[in-house]
Amino acid sequence: MENTFSVGLKNNIAPQQEYLLQGSIVDLHRDVLLHRLRGLCDNADKQPETFSDHEMVFVLRGATAQQNPVLFRVRRSLDPPDDPSWHIRYLGTSEIGDKNRHTLVRACFDVACSNNVVKFLNEMGFRSDHEYCVKGYFFHKGRMKVTVSKIYRMVQTGTPDGNTQEAMTQSSLVELSVVAPAGQEQIADDMKNFAEQLKPLVQLEKVDQKRLSVQ
Amino acid sequence: MAVSSVTVSVEPVLESKIQEVKLDGQEIYVPPLSMSENLTKLAHKIDFYKDESDEKGKPTSEGEKDEAEEKVLTSFEQPSWVWDSVRNKLKAAFTEMAVLTDVLNIIKEKRYMVADPVSQDQPDNKPSVLLLAKKRGLVSAGSVLISGAERLKRSHSEHSNRAQDDYFIELLKIRQNWRLKKVGASILGDLTYKTAGSRFFQGGTFEVTKIVDDKTDTSTSHSRGSLEVIIPSELEGVAYIQVEVKSVPEMMDLTSVTLKMPAGLGVIRSDAYWQNKLEVAQNVLFCKELFAQLAREAVQIKSSTPHIVVGNQIITNAFPGIQLSIVLCHYTGKEKKIPQAPQKLEHNHVLEHSLHQLLREVHFKNINYVAPHPVNAMLGMSKRRRLAGPQGTSRRELVEMNVRDTLLEQIIKQTKHAVLRLRTMHVLDELALCIQDPQITAHWSCLNSSLECCVRINITAYGYEVVRSSLVLIIEVDTIQAILKDSRTITLSFEDKALQDLILWQISQHHIQVVQQLAKFHAWTVVSTNFNVGVGDIDLYGTAASLMMASPKGDKVLAFRSGAYNKIQMYLKEIDPSEAVDTSPAVTNPKWQKIIGTFQAVDVEKLQGKTFSQKVDMVMAKLTSMS
């Protein structure tokens, strides 16, 4: 498969990489973590921002049994209820194994889209794989984004309501990510230093996605 | 037959029992019983409580008895066999009880037996030992109390010294107000605005130390506290930004500006309280950042008017003839003493405050990102920018979104607006003073911003306020928008004269409107009005207005013409019925008599009445004849 960068470059989409560290914290201690993050990140004097998103993952499988189907993540915000902003994200495969890199690095293409994207993707041949809701808190420090969120499974597909969701786990997912143009190693070090400060509460580390997926 | 017999031996099993098997397979045998042990084992097997008559081995003294007796006995005793043991036990118990009673009786008699208690050793009740023990106890209790009292005394003496306590309390206070960090053995703090969004390169790290001197007397040490802060050398002293707007002769070259030395403000004392020191140092840093930003913009940005940066001054022309100068005054106390009279500083406090606010806004925008919804979206963009793609924003709109005014441009705009506003006020005030006839009143709106404000001007005639001309002026950055009564909009430049012309023109129009109203009162008929008269001399500004009205009977006609810069002219035509021209019989209606006649000019100055409307009122009253 062609390098995702060159593909992106050819089609005038800004090639960017996502640097990611993930961890989790039990719900009981989530408030302690929120307090800590509020002190560490920018804007300590404001209440932390909340967000509530609904994500659908679409898969395009090739004609032959290809190894890697293309995955598109379509996300929309549920916060202003009558004005959702839709967003498509494509994430490339990540290269793990490099001991010098502290974070997970993968190509990332982010595109804002209009609200008929689901229909469009269906017409193109994508099939909906799964969907879920994410709700949580959002912090930022410089260009680092930290989210503490809970993932909810949709009991019935369609419009996500409060009562048609159920939490999947008793813990929250903590993610530290930076989206930046390719080739800046400084970012990984900064992220690692930030993760060190959260150490006893939550351990942020790079998680190998390939090992997690069940085929 | 002699068969060799097979010896059969009967032996006990000589194997000893296994007591334990060790982990390595070794077996430990129970050691075989010795003779004495064997004996005891057998003895235990004998049940002494069984009846002797059970045993076959009876004593031989009774052995000669008949077996029949035995049998009889045995047969006789068989039914009571079960209770025999019980009977014997009871018998034994009874015997023992009898013996005990006997012994007790004998003891009671005290003749042959006496019961004596068993003697015990008496404890030695020596008083000296007791005393020693008590003394030791008291000594230990006393020592505990003494050590406690000593500790209290020590802490009390420390309290009175106050040095140690104060340091920690002061450290707590300083920690509540400033960010401190312990690096090695020293405590460092941060003066910069970095956490509030500043991206200035200059650092402001101060160090916190303890004052350790016991020799100073209490009076000075009280005022200092026990904490000292050491401020970096480049932030020492006092600084402020001075903004001045002054008018200079227009032909003056910008390069020959007069440089001003900053007047000396008091320097902060070296033994001032740490909070004051830190605040002053932070202010110095803020002023430096502000000036650095302004200077950078003045040099880099190409604009229509040139800016000059000289040393610690930025000079630019807001309007031709109006100069704006921004000076960074930093007085460190190390300059040579210049014997000069203290200059009167002309600060424009409003603009200085605006500058501070603008820089704070820049800081705020650096830090406060709009939260991306959904969270995956790019950080740092406004929602409109994020939706630019899906909503198909054009390139021009995108460029507009990104273009933002620099600090210098913003302050220049504010200066221009301030100057324009002041000028407008000045013009209006002067006109109101000069022109008494219609009264000019200005109502300034209380809702205004630093770049826009609004004023409503009312022109009324004294005594005849029914008619009111009004116009609205919106004062913007460098133009004034005037909205007239009939909603025409005129854009005026920043010159005074334009506004003056406009107002005079409105006044002239107002005159005609008042006369129109008067005609209604007096029941005169307005023959014609024209606000854009196309005949006669061209006015200096605007158009002239004219009005012609006839008396109720039709025999008097008044005509008016007023322009911005011309005095109002009044003409009167009186029709004398005696001048009746011979009419032909074809003309039957007497009204045709009224068209003849010539107009005569009336000197408005000589008429009676204070204001023009009064004069006209009086004239009309006189000319109206009821007959």
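**Cavity, pocket and interface**

In chain A, α2 (30-40) and β6 (127-141) each supply at least two residues of the lining of the largest cavity. Helices (H or I, at least four residues) and strands (E, at least two) are DSSP runs, numbered from the N terminus.

Now the ground rules. This is a predicted model, where local features need pLDDT of at least 70 and side-chain atom pairs count only at pLDDT 80 or more, while totals for chains, interfaces and linings use all residues. Residues are numbered from 1 along each chain as its sequence is written, chains are lettered from A and ligands numbered from 1 in the order written, and side-chain values use heavy atoms, with hydrogens and water left out.

Back to the cavity. On a 1 Å grid over the protein atoms alone, a cavity is a set of points where a 1.4 Å probe fits but cannot get out; a pocket is an open set with protein on both sides within 12 Å along at least five of seven lines; lining residues have an atom within 4 Å of a point. Points are joined across faces, edges and corners, and a volume is the space filled by probe spheres set on them.

The structure holds 6 cavities of 30 Å³ or more, and the largest has a volume of about 160 Å³. Its lining has 13 residues, with D42(A), N43(A), Q47(A), E49(A) and F138(A) nearest the centre. β6(A) gives the largest share, 3 residues.

Next, the second largest pocket, with about 1300 Å³ of space. Of its 42 lining residues, D42(A), K141(A), R179(B), K194(B) and T195(B) lie nearest the centre. Two or more residues each come from α2 and α4 (186-197) of chain A and from β3 (179-183), β4 (186-190) and α8 (349-367) of chain B. α4(A) gives the most, 6 residues.

Last, the interface. Contact, meaning heavy atoms within 4.5 Å, takes 16 residues from chain B and 28 residues from chain A. The two chains bury about 1900 Å² between them, 59% of it on carbon and sulfur atoms; that is accessible area (1.4 Å probe) lost on being put together, summed over both. H373(B), V375(B) and N376(B) supply 34% of the area that chain B buries against chain A, more than any other three residues.
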